[in-house]
Amino acid sequence: MKVLIADKIEEKGISILEEFAEVSVQTDITNQKLIRSIGEFDAVVVRSRTKITREAIESASRLKLIARAGVGVDNIDVEAATERGIMVVNAPESASVTVAELTLGIIITLTRKISQADKSVKEGKWEKSKFMGVELFGKTLGIIGMGRIGEQVAARLKSFQMKILAYDPYITEDTASKLGVTLVELDTLLKEADIVTIHVPLTPQTRHFIARKELELMKENAFLINCARGGIVDEHALYDALSQGKIAGAGMDVYENEPPTGNPLLDLDNVVATPHIGASTREAQQNAAIIVAEEIKKVFNGEAPSNLINLPVLDSERQTAK
(Lines give C-alpha, C1' and ligand atoms only; values in the text may rest on other atoms or scores of the structure.)
Protein backbone atom coordinates (compact mmCIF):
# COMPACT_ATOMS: atom_id res chain seq x y z
CA MET A 1 0.00 0.00 0.00
CA LYS A 2 1.31 3.46 -0.93
CA VAL A 3 0.26 6.53 1.06
CA LEU A 4 0.83 10.13 0.03
CA ILE A 5 1.06 12.72 2.80
CA ALA A 6 0.32 15.98 1.01
CA ASP A 7 0.23 18.28 4.04
CA LYS A 8 2.28 18.40 7.21
CA ILE A 9 1.09 16.06 9.96
CA GLU A 10 2.64 15.04 13.27
CA GLU A 11 5.41 12.42 13.17
CA LYS A 12 3.45 9.96 15.31
CA GLY A 13 0.91 9.55 12.53
CA ILE A 14 3.63 9.03 9.95
CA SER A 15 5.26 6.37 12.17
CA ILE A 16 2.00 4.43 12.38
CA LEU A 17 1.60 4.53 8.60
CA GLU A 18 5.17 3.36 8.02
CA GLU A 19 4.44 0.19 10.01
CA PHE A 20 2.29 -1.17 7.18
CA ALA A 21 2.63 1.10 4.13
CA GLU A 22 5.11 2.79 1.85
CA VAL A 23 4.84 6.46 2.77
CA SER A 24 5.70 9.43 0.54
CA VAL A 25 5.82 12.79 2.32
CA GLN A 26 5.34 15.65 -0.17
CA THR A 27 4.08 18.55 1.91
CA ASP A 28 4.93 21.13 -0.75
CA ILE A 29 3.11 19.34 -3.57
CA THR A 30 1.24 21.62 -5.98
CA ASN A 31 -2.24 20.92 -7.31
CA GLN A 32 -0.88 20.21 -10.79
CA LYS A 33 1.79 17.84 -9.50
CA LEU A 34 -0.83 16.12 -7.37
CA ILE A 35 -3.00 15.51 -10.43
CA ARG A 36 -0.02 14.00 -12.26
CA SER A 37 1.12 11.73 -9.42
CA ILE A 38 -1.99 10.79 -7.43
CA GLY A 39 -2.52 7.72 -9.61
CA GLU A 40 0.45 6.05 -7.86
CA PHE A 41 -1.19 6.00 -4.44
CA ASP A 42 -3.78 3.96 -2.55
CA ALA A 43 -4.42 6.65 0.08
CA VAL A 44 -3.75 10.36 0.47
CA VAL A 45 -3.62 12.40 3.68
CA VAL A 46 -4.39 16.14 3.63
CA ARG A 47 -5.09 18.94 6.05
CA SER A 48 -6.61 22.16 4.66
CA ARG A 49 -3.91 23.38 2.23
CA THR A 50 -4.19 20.69 -0.42
CA LYS A 51 -7.35 20.62 -2.55
CA ILE A 52 -8.55 17.21 -3.69
CA THR A 53 -10.55 18.30 -6.72
CA ARG A 54 -12.66 16.30 -9.14
CA GLU A 55 -9.80 16.50 -11.65
CA ALA A 56 -7.39 15.01 -9.13
CA ILE A 57 -9.86 12.28 -8.18
CA GLU A 58 -10.46 11.35 -11.82
CA SER A 59 -6.68 10.89 -12.16
CA ALA A 60 -6.54 8.61 -9.10
CA SER A 61 -6.70 5.19 -10.77
CA ARG A 62 -5.87 3.16 -7.64
CA LEU A 63 -6.93 5.51 -4.83
CA LYS A 64 -9.09 3.87 -2.15
CA LEU A 65 -9.09 6.46 0.60
CA ILE A 66 -8.78 10.23 1.18
CA ALA A 67 -8.01 11.08 4.80
CA ARG A 68 -8.51 14.58 6.18
CA ALA A 69 -6.31 15.11 9.25
CA GLY A 70 -8.86 17.44 10.81
CA VAL A 71 -12.59 18.05 10.66
CA GLY A 72 -13.82 20.09 7.66
CA VAL A 73 -13.78 18.40 4.26
CA ASP A 74 -14.67 21.40 2.09
CA ASN A 75 -11.26 21.07 0.39
CA ILE A 76 -12.24 17.60 -0.87
CA ASP A 77 -14.75 16.92 -3.64
CA VAL A 78 -16.65 14.30 -1.68
CA GLU A 79 -19.24 13.84 -4.42
CA ALA A 80 -16.55 13.01 -6.99
CA ALA A 81 -14.87 10.63 -4.54
CA THR A 82 -18.16 8.85 -3.89
CA GLU A 83 -18.80 8.45 -7.62
CA ARG A 84 -15.38 6.82 -7.98
CA GLY A 85 -15.87 4.49 -5.01
CA ILE A 86 -13.25 6.28 -2.91
CA MET A 87 -13.77 6.53 0.85
CA VAL A 88 -13.35 9.90 2.58
CA VAL A 89 -12.56 9.95 6.30
CA ASN A 90 -11.76 12.69 8.78
CA ALA A 91 -10.84 13.09 12.44
CA PRO A 92 -13.82 14.90 13.95
CA GLU A 93 -12.90 14.24 17.54
CA SER A 94 -9.32 15.52 17.19
CA ALA A 95 -9.91 19.26 17.53
CA SER A 96 -13.14 19.59 19.52
CA VAL A 97 -11.50 20.76 22.74
CA THR A 98 -8.95 22.92 20.94
CA VAL A 99 -11.56 24.82 18.88
CA ALA A 100 -13.81 25.22 21.92
CA GLU A 101 -10.94 26.72 23.91
CA LEU A 102 -10.13 29.18 21.11
CA THR A 103 -13.81 30.15 20.95
CA LEU A 104 -13.78 30.89 24.66
CA GLY A 105 -10.57 32.87 24.28
CA ILE A 106 -12.00 34.99 21.50
CA ILE A 107 -15.20 35.61 23.45
CA ILE A 108 -13.28 36.89 26.47
CA THR A 109 -10.87 38.90 24.30
CA LEU A 110 -13.80 40.52 22.51
CA THR A 111 -16.02 41.26 25.50
CA ARG A 112 -13.15 42.62 27.61
CA LYS A 113 -11.42 44.41 24.69
CA ILE A 114 -8.16 42.67 25.54
CA SER A 115 -6.50 42.98 22.12
CA GLN A 116 -7.27 46.72 21.94
CA ALA A 117 -6.01 47.29 25.48
CA ASP A 118 -2.85 45.30 24.79
CA LYS A 119 -2.08 47.37 21.70
CA SER A 120 -2.74 50.62 23.59
CA VAL A 121 -0.38 49.79 26.47
CA LYS A 122 2.36 48.70 24.05
CA GLU A 123 2.01 52.08 22.33
CA GLY A 124 2.82 53.77 25.66
CA LYS A 125 -0.76 54.82 26.43
CA TRP A 126 -2.79 54.38 29.61
CA GLU A 127 -6.46 54.50 28.59
CA LYS A 128 -8.31 52.60 31.31
CA SER A 129 -11.64 54.28 30.73
CA LYS A 130 -11.56 53.49 27.00
CA PHE A 131 -11.72 49.73 27.48
CA MET A 132 -14.92 49.20 29.43
CA GLY A 133 -16.04 45.62 28.91
CA VAL A 134 -18.95 43.39 29.89
CA GLU A 135 -19.18 40.32 32.11
CA LEU A 136 -20.23 36.90 30.84
CA PHE A 137 -21.93 36.10 34.16
CA GLY A 138 -25.69 36.00 33.72
CA LYS A 139 -25.57 36.64 29.98
CA THR A 140 -27.16 34.45 27.29
CA LEU A 141 -25.01 32.41 24.93
CA GLY A 142 -26.47 31.17 21.65
CA ILE A 143 -24.78 28.16 20.04
CA ILE A 144 -25.57 27.37 16.41
CA GLY A 145 -24.68 23.70 15.97
CA MET A 146 -24.47 21.30 18.93
CA GLY A 147 -22.01 18.80 17.54
CA ARG A 148 -18.75 17.87 19.26
CA ILE A 149 -17.41 21.44 19.32
CA GLY A 150 -20.71 23.06 20.26
CA GLU A 151 -21.02 20.62 23.15
CA GLN A 152 -17.52 21.48 24.39
CA VAL A 153 -18.26 25.21 24.15
CA ALA A 154 -21.45 24.77 26.18
CA ALA A 155 -19.61 22.81 28.88
CA ARG A 156 -17.04 25.57 29.29
CA LEU A 157 -19.41 28.55 29.20
CA LYS A 158 -21.73 26.96 31.76
CA SER A 159 -18.94 27.51 34.28
CA PHE A 160 -19.43 31.26 33.71
CA GLN A 161 -23.05 30.81 34.77
CA MET A 162 -24.40 31.79 31.39
CA LYS A 163 -27.82 30.80 30.11
CA ILE A 164 -27.26 28.67 27.02
CA LEU A 165 -29.59 28.52 24.03
CA ALA A 166 -28.93 26.21 21.10
CA TYR A 167 -30.16 25.84 17.56
CA ASP A 168 -29.63 22.43 15.99
CA PRO A 169 -32.38 20.63 14.05
CA TYR A 170 -30.54 17.32 14.43
CA ILE A 171 -30.67 16.86 18.20
CA THR A 172 -33.63 16.05 20.44
CA GLU A 173 -34.97 17.93 23.42
CA ASP A 174 -33.78 15.06 25.61
CA THR A 175 -30.23 15.34 24.29
CA ALA A 176 -30.28 19.10 24.72
CA SER A 177 -31.45 18.72 28.31
CA LYS A 178 -28.60 16.31 29.07
CA LEU A 179 -26.15 18.86 27.64
CA GLY A 180 -27.64 21.62 29.79
CA VAL A 181 -28.87 23.76 26.90
CA THR A 182 -32.28 24.96 25.77
CA LEU A 183 -33.27 24.21 22.17
CA VAL A 184 -34.86 27.15 20.36
CA GLU A 185 -35.55 28.25 16.80
CA LEU A 186 -32.81 30.22 15.06
CA ASP A 187 -34.72 33.51 15.12
CA THR A 188 -35.29 33.19 18.87
CA LEU A 189 -31.63 32.48 19.50
CA LEU A 190 -30.51 35.49 17.46
CA LYS A 191 -32.97 37.81 19.20
CA GLU A 192 -32.16 36.69 22.76
CA ALA A 193 -28.45 35.84 22.79
CA ASP A 194 -25.80 38.29 23.99
CA ILE A 195 -23.15 36.17 22.27
CA VAL A 196 -23.80 34.00 19.20
CA THR A 197 -21.19 31.38 18.30
CA ILE A 198 -21.26 29.25 15.16
CA HIS A 199 -20.23 25.57 15.06
CA VAL A 200 -21.62 24.04 11.87
CA PRO A 201 -19.86 22.77 8.73
CA LEU A 202 -19.83 24.74 5.49
CA THR A 203 -22.31 23.18 3.08
CA PRO A 204 -24.50 24.58 0.31
CA GLN A 205 -27.22 24.85 2.96
CA THR A 206 -25.08 26.76 5.47
CA ARG A 207 -23.36 29.16 3.05
CA HIS A 208 -24.32 32.70 4.19
CA PHE A 209 -26.44 31.09 6.89
CA ILE A 210 -25.87 34.27 8.87
CA ALA A 211 -26.59 37.14 6.50
CA ARG A 212 -28.23 40.57 6.64
CA LYS A 213 -31.63 39.31 7.79
CA GLU A 214 -30.14 37.26 10.63
CA LEU A 215 -27.80 40.03 11.78
CA GLU A 216 -30.70 42.47 11.96
CA LEU A 217 -32.37 40.17 14.50
CA MET A 218 -29.44 40.40 16.91
CA LYS A 219 -29.21 42.83 19.82
CA GLU A 220 -27.18 46.01 19.38
CA ASN A 221 -24.94 44.90 22.27
CA ALA A 222 -24.49 41.34 20.95
CA PHE A 223 -21.32 39.68 19.67
CA LEU A 224 -20.93 37.16 16.83
CA ILE A 225 -18.18 34.49 16.86
CA ASN A 226 -17.21 32.33 13.88
CA CYS A 227 -14.59 29.64 14.51
CA ALA A 228 -16.29 27.22 12.11
CA ARG A 229 -15.81 27.96 8.40
CA GLY A 230 -15.56 31.06 6.28
CA GLY A 231 -18.60 31.48 4.06
CA ILE A 232 -21.13 30.65 6.76
CA VAL A 233 -21.29 34.37 7.55
CA ASP A 234 -21.97 36.93 4.82
CA GLU A 235 -18.97 39.18 5.46
CA HIS A 236 -20.37 42.16 3.54
CA ALA A 237 -23.49 42.10 5.69
CA LEU A 238 -21.38 41.63 8.81
CA TYR A 239 -19.20 44.62 7.95
CA ASP A 240 -22.29 46.81 7.55
CA ALA A 241 -23.75 45.59 10.84
CA LEU A 242 -20.50 46.26 12.72
CA SER A 243 -19.68 49.61 11.13
CA GLN A 244 -23.23 50.87 11.64
CA GLY A 245 -23.39 49.76 15.28
CA LYS A 246 -26.13 47.20 14.71
CA ILE A 247 -24.13 44.65 16.72
CA ALA A 248 -21.32 45.28 19.20
CA GLY A 249 -18.52 43.14 17.79
CA ALA A 250 -17.33 39.99 16.07
CA GLY A 251 -14.63 37.39 16.55
CA MET A 252 -13.36 35.69 13.40
CA ASP A 253 -10.97 32.77 12.99
CA VAL A 254 -12.17 31.92 9.47
CA TYR A 255 -12.93 33.94 6.34
CA GLU A 256 -14.58 33.58 2.96
CA ASN A 257 -11.17 34.08 1.34
CA GLU A 258 -8.04 33.00 3.18
CA PRO A 259 -5.78 34.79 3.78
CA PRO A 260 -8.28 37.69 4.06
CA THR A 261 -6.13 40.21 2.20
CA GLY A 262 -7.91 43.53 1.88
CA ASN A 263 -10.88 42.37 3.97
CA PRO A 264 -12.49 45.54 5.39
CA LEU A 265 -13.49 43.68 8.57
CA LEU A 266 -9.84 43.81 9.60
CA ASP A 267 -10.01 47.62 9.73
CA LEU A 268 -12.65 47.61 12.46
CA ASP A 269 -11.73 48.00 16.14
CA ASN A 270 -14.67 45.86 17.22
CA VAL A 271 -13.36 42.79 15.38
CA VAL A 272 -10.99 40.25 16.91
CA ALA A 273 -9.28 38.33 14.11
CA THR A 274 -7.08 35.22 14.16
CA PRO A 275 -5.56 33.34 11.17
CA HIS A 276 -7.61 30.11 11.14
CA ILE A 277 -5.84 28.64 14.16
CA GLY A 278 -8.83 26.79 15.61
CA ALA A 279 -7.11 23.41 15.42
CA SER A 280 -3.58 24.71 15.92
CA THR A 281 -2.46 23.07 19.12
CA ARG A 282 0.12 20.31 19.50
CA GLU A 283 -2.47 18.05 21.06
CA ALA A 284 -5.06 18.48 18.31
CA GLN A 285 -2.56 17.98 15.50
CA GLN A 286 -1.12 14.84 17.09
CA ASN A 287 -4.60 13.45 17.69
CA ALA A 288 -5.61 14.14 14.08
CA ALA A 289 -2.51 12.44 12.68
CA ILE A 290 -2.99 9.35 14.85
CA ILE A 291 -6.71 9.09 14.10
CA VAL A 292 -6.33 9.24 10.30
CA ALA A 293 -3.36 6.86 10.37
CA GLU A 294 -5.46 4.35 12.30
CA GLU A 295 -8.33 4.84 9.84
CA ILE A 296 -6.04 4.04 6.91
CA LYS A 297 -4.74 1.00 8.80
CA LYS A 298 -8.30 -0.28 9.24
CA VAL A 299 -8.96 -0.03 5.51
CA PHE A 300 -5.62 -1.74 4.81
CA ASN A 301 -6.74 -4.60 7.07
CA GLY A 302 -10.13 -4.87 5.36
CA GLU A 303 -12.05 -3.23 8.21
CA ALA A 304 -14.59 -0.41 8.04
CA PRO A 305 -13.23 3.01 9.10
CA SER A 306 -14.93 4.74 12.03
CA ASN A 307 -15.17 8.26 10.59
CA LEU A 308 -16.45 7.65 7.08
CA ILE A 309 -17.91 10.76 5.44
CA ASN A 310 -19.46 9.13 2.36
CA LEU A 311 -21.38 6.12 3.64
CA PRO A 312 -22.77 5.10 0.21
CA VAL A 313 -19.27 3.92 -0.72
CA LEU A 314 -19.20 1.48 2.17
CA ASP A 315 -22.73 0.29 1.43
CA SER A 316 -21.94 -0.36 -2.23
CA GLU A 317 -18.77 -2.25 -1.32
CA ARG A 318 -20.70 -4.50 1.05
CA GLN A 319 -23.33 -5.20 -1.59
CA THR A 320 -20.63 -6.06 -4.12
CA ALA A 321 -19.01 -8.43 -1.65
CA LYS A 322 -22.22 -10.40 -1.07
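Which side chain does Asn310 join in a polar contact of 3.1 Å? I looked this up before anything else, keeping in mind that the model is predicted. The partner is Thr82, side chain to side chain.

**Entry: around Asn310**

I placed Asn310 in the loop between α12 (282–300) and α13 (311–321). Buried or exposed, I wondered about Asn310? Asn310 has a relative accessible area of 3%, and with the cut-off for buried at under 20%, I wrote it down as buried. Next I checked the backbone around it. A polar atom of the Asn310 side chain lies 3.0 Å from the backbone nitrogen of Val88. I then listed what Asn310 touches, leaving out residues up to four places away in sequence: Val78, Ala81, Thr82, Ile86, Met87 and Val88.

**Entry: the two domains**

Domain 1 is in two pieces, 2–93 and 282–301, while domain 2 runs over 95–273. Their centres, taken over C-alpha atoms, are 32 Å apart. On the contact itself, I noted 7 residues from domain 1 and 5 residues from domain 2.

How much area do domain 1 and domain 2 bury between them? I got about 570 Å², with 48% of it on carbon and sulfur atoms. For polar links I found 3 residue pairs in polar contact between the domains. On the side of domain 1 that touches domain 2, I read 3 nonpolar, 1 polar and 3 charged residues. There is also 1 salt bridge between domain 1 and domain 2. I looked at Asp74 and Arg229 too: they form a salt bridge, with the closest N and O atoms 2.9 Å apart.

**Entry: salt bridges**

How many salt bridges does the structure hold? The count is 16. I went through a few.

Lys297 pairs with Glu19, and the closest N and O atoms are 4.0 Å apart. This pair links distant parts of the chain, 278 residues apart: Lys297 is in helix α12, and Glu19 is in the loop between α1 (11–18) and β2 (22–25). Lys297 is partly exposed at 28% relative accessibility, whereas Glu19 is exposed at 59%.

Asp42 forms a salt bridge with Lys64, closest N and O atoms 2.9 Å apart. Why does this pair tie together parts that are 22 residues apart in sequence? Asp42 sits in the loop between α2 (31–37) and β3 (43–46) and Lys64 in the loop between α3 (54–58) and β4 (65–68), so the bridge ties those parts together. I noted Asp42 as buried, at 6% relative accessibility, and Lys64 as partly exposed, at 43%.

Lys298 and Glu295 meet through their side chains at 3.6 Å, N to O. Both are in helix α12, 3 residues apart, about one turn of the helix. Which of them is buried? Glu295 is, with a relative accessible area of 2%; Lys298 is partly exposed at 25%.

Definitions and conventions
Residues numbered from 1 in each chain as written. Predicted model: local features only at pLDDT ≥ 70, side-chain atom pairs only at ≥ 80, totals over all residues. Heavy atoms only, no water. Domains from an automatic or database assignment. Contact = heavy atoms within 4.5 Å. Buried area = accessible area lost by both parts, 1.4 Å probe. Polar contact = N/O pair within 3.5 Å; in protein donor to acceptor, adjacent residues only side chain to side chain. Nonpolar A, V, L, I, M, F, W, Y, C, P; charged D, E, K, R; others polar. Helix = DSSP H or I, 4+ residues; strand = E, 2+ residues; numbered from the N terminus. Buried < 20%, exposed > 50% of the residue type's maximum accessible area, 1.4 Å probe, protein only.
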